[in-house]
Amino acid sequence: MLISYILQEQKKNLTFLSRSDENVEIVTGQIKELKKHMITKEMLEDVISKTDNQYRKAKLEDIAILYENYQEKIQKSYIDEDDVLTILSEQLEKSDLFKDSIIYIDEFSGFTKQEYEIIRKLLQKVKEVNITICSDNIEATSDLNDIFYTNKKTANKLIEIAKQEKVDIKEHALEEKLPRFHNKELLTLEKNMYKDELVKYEKETKNIELFLAKNPFSEVEQVANTITKLVANENYRYRDISVITKNIDQYASLISAIFARYNIPVFIDQKKEFSQNILVKYILAFIEILAKNWSYEAVFNFLKTGLNSFSNEEIFLLENYCVSYGIKGSKWYKEDWKIAKSDEELEKLNEIRRKIVEPLLEFKNELNRTKTAKDIGMALYQFLDQNEIYEKLQQKAENLRKVGNIELSNIYETTWDAVIDIIEELAVVLPDEVISFEEYTKLLKIGLGTSGLGTIPASVDQVMIADVERSRTHKVKTAFIIGANDGIYPSIHKEEGFLNDSDREYLKAQNIELAKDTKEQLYEENFNIYKAFTIPEEKLYISYVSSDNEGKTLRPSVLISKLNRIYPNLTKKSDITAKESIITTKEATFYELLSNIRDFEDGKKIDDIWFKIYKIYASDNEYKEKLEQALKGLFYNNEPEKIEKENIQNLYGNELKTSISRLEQYKRCAFSFYLKYGLGLNEKSLFEVKSIDTGNFMHDVIDEFFEQVLRKKIEAKTNDRR
């Protein structure tokens with residue numbers, strides 16, 4: 001948020017980073033890089049003075065201007081979270097807290113400059129530091145097939161620091177036995193994943209399986225089926241299983257829906273974005289009402305969040321009225337509305353209007369004088385408190401918990417504190433800055449957009465869904481790698497960013513090393529894929545799809561062809577030609593039954609057991625009606641049925657009332673005639689002047705004119721213009 005403010009303040013001094021508000025994210029990323037790698041203003045200025053490339057120089061100057069302003073803003077009163085490790089490094093020199101301790105650092109493939117400095121200080125203080133690095137040796141090469149490249153660089157850097165501090169280095173140990181793997185199939189995969197000369201596993205594979213799915217939906221369904229069998233038949237616990245993907249955003253909703261059908265408890269290791277959060281929508285809509293002078297969109301976004309006390313019927317009644325009469329701006333609060341279909345409706349509409357308007361005007365009146373971010377933040381908190389928003393969120397969380405939606409319930413419970421923290425941060429960072437509602441809304445959106453809600457597992461026994469880059473090598477017996485398609489494992493391309501590879505290489509030559517360039521990112525990605533494929537101890541299932549959700553054809557990853565070369569007798573399955581029917585949970589089997597009924601109607605042969613299952617569901621009180629409705633949908637042939645005589649009389653009466661226009665409409669479209677004259681449906685009334693209304697408007701003006709002439713007794717022939 002502070003970055004956004006500084007960017008707006010310094011736009012006139014910038015060459016590149018002033019072009020759009022999207023650059024807030026770019027600036028934030030660059031400043032974080034500078035801090036994590038302990039780059040000072042003086043170091044930047046020195047490099048800029050030596051740079052001949054004018055394009056690169058302009059980019060560095062932009063960063064330097066914003067970095068300097070950012071440092072000035074925070075250095076007197078605040079501590080940046082990215083400075084915490086630097087402060088820790090400084091304090092370690094003065095502390096004996098870790099004296100004679102034994103330190104273990106595990107599961108890191110690389111460190112920032114800040115982290116290296118902390119390790120340096122620990123080496124000076126503690127008895128022993130043990131750091132594990134995943135690698136086959138520590139001899140770094142530039143071979144792209146060397147998946148341990150970044151790890152080797154890290155190991156060499158640590159050895160260099162130890163030598164500088166004159167610390168004895170114990171002989172590094174390599175674990176040859178790899179006790180993680182419980183069978184030779186997985187051990188063979190680990191040794192061959194990124195080797196050109198493959199050692200084949202000629203035996204039949206029982207613990208690695210490949211699955212080709214029609215689409216992501218059937219892919220996830222296959223995973224759910226397999227997990228259900230593992231738990232039911234092979235004594236697996238859900239916590240022994242992980243599902244790993246590189247497209248967690250794409251698969252998250254599918255997994256949530258399908259796993260629920262199979263009664264599989266699941267934890268998706270994903271940070272929830274604030275943008276779709278109910279409280280965030282409520283606050284932004286509320287602020288935008290004042291910022292955009294009571295626009296239609298802002299008001300009804302506010303009313304439809306579900307955190308107000310109005311019923312859906314009241315909101316729909318109000319919305320139709322506002323659309324019909326063009327209610328916006330001062331029409332909301334200037335005076336009571338005076339036109340409606342009835343006095344009763346008018347009274348109800350004005351009552352709803354007052355309930356909306358009064359608290360909002362009270363909020364605005366408190367801030368009629370000079371407004372600072374602190375003033376708006378405090379008034380906003382009071383508004384939320386007065387409207388009992390915290391209590392409403394807690395009640396929603398409780399209701400969700402009762403119906404079993406523990407994950408969403410936890411999000412609702414933690415939302416309040418997370419949002420209030422951002423409002424407080426704005427008040428602390430910009431306490432005396434005078435800003436408008438528009439500016440405050442923009443800053444708040446940026447703050448909420450760059451934040452997220454982390455979640456914690458609702459129970460111990462859950463299937464873990466993780467991203468390749470976030471997966472951890474915890475104890476997992478079985479892993480499912482899903483979405484193993486070309487361009488995903490590995491990714492085709494990563495953007496270089498504001499500072500491209502050439503810029504980073506130049507800075508590195510000037511002793512300013514920032515985040516990894518695209519080549520090093522590729523090394524890192526290959527290592528992350530290696531980690532994912534070598535996580536399981538007992539079983540590995542890899543799946544890919546032939547087409548995406550839109551029907552676009554997709555190709556398998558290059559890793560699939562490598563697996564086929566390593567394992568000539570690899571177990572392969574697919575649901576493209578034939579789908580395996582599995583009886584699992586009651587709900588999942590119901591949908592499987594419907595699929596088999598459809599196949600049977602299409603002339604395909606199905607297992608006899610599905611006829612028995614049909615009888616079970618047909619006699620089940622819970623599913624009998626659902627089955628009947630589903631079958632109606634399956635066998636629907638889109639042939640219109642004749643309306644019964646009794647219903648025709650109820651719709652149109654016994655007397656024929658018609659006109660030329662009605663008969664013409666019936667001739668054009670019988671269904672539209674039925675909607676308009678049978679059901680009595682009309683288009684929503686909109687507040688607008690159409691060409692057809694022009695004549696009426698002119699007639700009304702003429703009528704009003706002559707009414708005034710008659711009332712004031714003016715002779716129309718005279719020139720008296722009173």
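Modeller: A crossing is called left-handed if the near helix is turned anticlockwise from the far one by less than a right angle, and right-handed if clockwise. The model is predicted, so local features need pLDDT of at least 70 and side-chain atom pairs count only at pLDDT 80 or more, while totals for chains, interfaces and linings use all residues. Residues are numbered from 1 along each chain as its sequence is written, and side-chain values use heavy atoms, with hydrogens and water left out.

Biologist: Which hand does the crossing of α22 and α23 have?

Modeller: The crossing of α22 and α23 is left-handed. Helices (H or I, at least four residues) and strands (E, at least two) are DSSP runs, numbered from the N terminus.

Biologist: And at what angle do α22 and α23 pack?

Modeller: Helix α22 (residues 586-601) meets helix α23 (residues 609-618) at an angle of about 125°, and their axes are 10 Å apart. Axes are lines fitted to C-alpha atoms, for helices over the stretch in contact, and angles run from 0 to 180 degrees between N-to-C directions. The pair α22 and α23 is therefore oblique; angles under 35 degrees count as roughly parallel, over 145 as roughly antiparallel, 65 to 115 as roughly perpendicular and the rest as oblique.

Biologist: Which residues of α22 and α23 meet?

Modeller: On the α22 side these are Lys586, Thr589, Phe590, Glu592, Leu593, Asn596, Ile597 and Phe600, and on the α23 side Trp610, Phe611, Ile613, Tyr614 and Tyr617. Contact means heavy atoms within 4.5 Å. By class, the contact of α22 with α23 has nine nonpolar, two polar and two charged residues. Ala, Val, Leu, Ile, Met, Phe, Trp, Tyr, Cys and Pro count as nonpolar, Asp, Glu, Lys and Arg as charged, and the others, Gly among them, as polar.

Biologist: Next pair: how do the axes of α11 and α15 cross?

Modeller: The axes of helix α11 (residues 278-291) and helix α15 (residues 373-386) come within 12 Å and cross at roughly 120°. That crossing of α11 and α15 is right-handed. Tyr282, Ile283, Phe286 and Ile287 of α11 make the contact with Leu380, Phe383 and Leu384 of α15.

Biologist: Now Trp416: buried or exposed?

Modeller: Trp416 counts as buried because its relative accessibility is 9%; buried means under 20% relative accessible area, exposed over 50%, partly exposed in between (1.4 Å probe, protein chains only). The residue Trp416 is in helix α17 (residues 406-429). Leaving aside neighbours within four places in sequence, Trp416 is in contact with Leu279, Tyr381, Leu384, Ile389, Tyr390 and Leu393.

Biologist: Changing topic, what is the strand order in the open sheet of seven strands?

Modeller: The order is β5-β8-β4-β9-β10-β3-β11, with parallel pairing. Strands β5 (266-268) and β11 (571-574) stand at the edges, each with a single partner strand, so one side of each has no neighbour in the sheet. Neighbouring strands of this sheet are turned by 20° against each other on average, direction ignored. Two strands pair if DSSP finds at least two bridges between them.

Biologist: How many bridges join β4 and β9?

Modeller: Strand β4 (residues 241-245) and strand β9 (residues 478-481) pair in the parallel sense over four bridges, and Ile241 stands opposite Thr478 in β9.

Biologist: Which strands does α9 lie across?

Modeller: Helix α9 (residues 216-233) lies across β3 (208-213), β4, β8 (463-467), β9 and β10 (539-545), and runs at about 160° to β10.
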